[in-house]
Amino acid sequence: MPQTIKEIKALLDTIDSIEALEQHELMSDTRKGVQQNIVRRRKQLLKDQETREHYQQMNKYENEILKDNPNALICGIDEVGRGPLAGPVVACAVILNKEHQYLGLDDSKKVSATKRKILNEQLKEGVYDYAYGIASAEEIDEFNIYNATKLAMKRAINQLTEQPNHLLIDAMTLDNAIPQTSIIKGDAKSVSIAAASIMAKEYRDGLMAEVALKYPGYDFEKNVGYGTKSHLQGLKQLGITPYHRKTFEPVKSMI
């Protein structure tokens, strides 16, 4: 008795390469349901292959450092929250576990919210070390957003359990003694920076959800402090909160 389409689908899902799929005896099964599932599995395998290749490309900077120093503790650093009207800027410093792969890592803005939450949990459980640094709205107003971002990054590094010996930073340079590489759009070019981007984004979103409970009416749980229509309406109706950046417009003009 021939296998059912359901059984064949389960069998196809165990095939882990395009080559193995192309050589499988099921390729000669002319049933429409079988051929549809072969097409489906081929697309999945191609996508998985592209994900692995992309991950290897994003290891370029890490591999260059490890080639000279196989025991290097490489720390990726990124921030989120430079543009919002409210809330802190948050940085994350991450030292990945060299024995693990974190497939699917990319700039947090390119990753779906569902995938980002999954990756965030995988990273928190599997990385060698990580820490967050925060610069408040008041510090942003006092030092400006650029310097507050540096402050948050330094705080994240200082909170690490172990001191890294090379920093990969997204488009910033920090004044410390640790060797560092500044990478423009680093969250799309380095797995370490991408990991920091995702973890910082998830952490800051959580903070803004807490702010939303204290100050309802601004839609912080959705806009996380950015100047959306609902946020601006909240500002107009309810006024400025302690979490608003008073040097950012239109908040500045409301004082």
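## The largest pocket

A pocket is an open set of grid points where a 1.4 Å probe fits, with protein on both sides within 12 Å along at least five of seven lines. The model here is predicted. Its largest pocket has a volume of about 300 Å³. Of the 20 lining residues, the closest to the centre are Asn59, Leu66, Leu96, Asn97 and Lys98.

Which helix gives the largest share of the lining? That is H4, with 3 residues. Helix H3 (32–57), helix H4 (60–68) and H8 each supply at least two lining residues. By residue class, the lining divides into 10 nonpolar, 7 polar and 3 charged.

## Helix H8 and its cap

Helix H8 covers residues 191–214. Its end C-alpha atoms are 35 Å apart. At 1.5 Å a residue, the 24 residues should span 34 Å, so the two values agree. Of these 24 residues, 17 are buried, so H8 is largely enclosed by the rest of the structure.

Ser190 sits in the loop between strand E5 (180–183) and H8. Ser190 caps the N-terminal end of the helix. One of its side-chain oxygens lies 3.2 Å from the backbone nitrogen of Ser192. The Ser190 side chain also makes a polar contact with the side chain of Glu62, at 2.7 Å. Is Ser190 buried or exposed? Its relative accessible area is 0%, so Ser190 is buried, the limit for that class being under 20%. Leaving aside neighbours within four places in sequence, Ser190 is in contact with Met58, Glu62, Leu168 and Ile183.

## Tyr55 in helix H3

Tyr55 lies in helix H3. At 5% relative accessibility, Tyr55 counts as buried. Apart from neighbours within four places in sequence, Tyr55 is in contact with His100, Gln101, Tyr102, Leu103, Leu105 and Val191. Gly104 is 49 residues away from Tyr55 along the chain.

## Asp205 and Val224

Asp205 lies in helix H8. Beyond neighbours within four places in sequence, Asp205 is in contact with Arg116 and Val224. Asp205 and Lys236 are 31 residues apart in sequence. Their C-alpha atoms are 23 Å apart in space.

Val224 lies in the loop between H9 and H10. At 9% relative accessibility, Val224 counts as buried.

## Backbone exceptions

Most residues other than glycine have a negative phi, and most peptide bonds are trans. Which residues here have a positive phi although they are not glycine? Asp219 has a phi of about 65 degrees, and Val224 has a phi of about 45 degrees. Asp219 is placed in the loop between H8 and helix H9 (220–223). With a relative accessible area of 21%, Asp219 is partly exposed.

The peptide bond from Glu249 to Pro250 is cis. Its omega is near 5 degrees. Pro250 lies in the loop between helix H10 (229–238) and helix H11 (251–254).

Technical notes:
Residues are numbered from 1 along each chain as its sequence is written. This is a predicted model: local features need pLDDT of at least 70, side-chain atom pairs count only at pLDDT 80 or more; totals for chains, interfaces and linings use all residues. Side-chain values use heavy atoms; hydrogens and water are left out. Helices (H or I, at least four residues) and strands (E, at least two) are DSSP runs, numbered from the N terminus. Buried means under 20% relative accessible area, exposed over 50%, partly exposed in between (1.4 Å probe, protein chains only). A polar contact is a pair of N or O atoms within 3.5 Å; within protein, one must be able to donate a hydrogen and the other to accept it, and residues adjacent in sequence count only if both atoms are side-chain atoms. Contact means heavy atoms within 4.5 Å. The expected span of a helix is 1.5 Å times one less than its number of residues. On a 1 Å grid over the protein atoms alone, a cavity is a set of points where a 1.4 Å probe fits but cannot get out, and a pocket is an open set with protein on both sides within 12 Å along at least five of seven lines; lining residues have an atom within 4 Å of a point. Grid points are joined across faces, edges and corners, and a volume is the space filled by probe spheres set on the points. Ala, Val, Leu, Ile, Met, Phe, Trp, Tyr, Cys and Pro count as nonpolar, Asp, Glu, Lys and Arg as charged, and the others, Gly among them, as polar.
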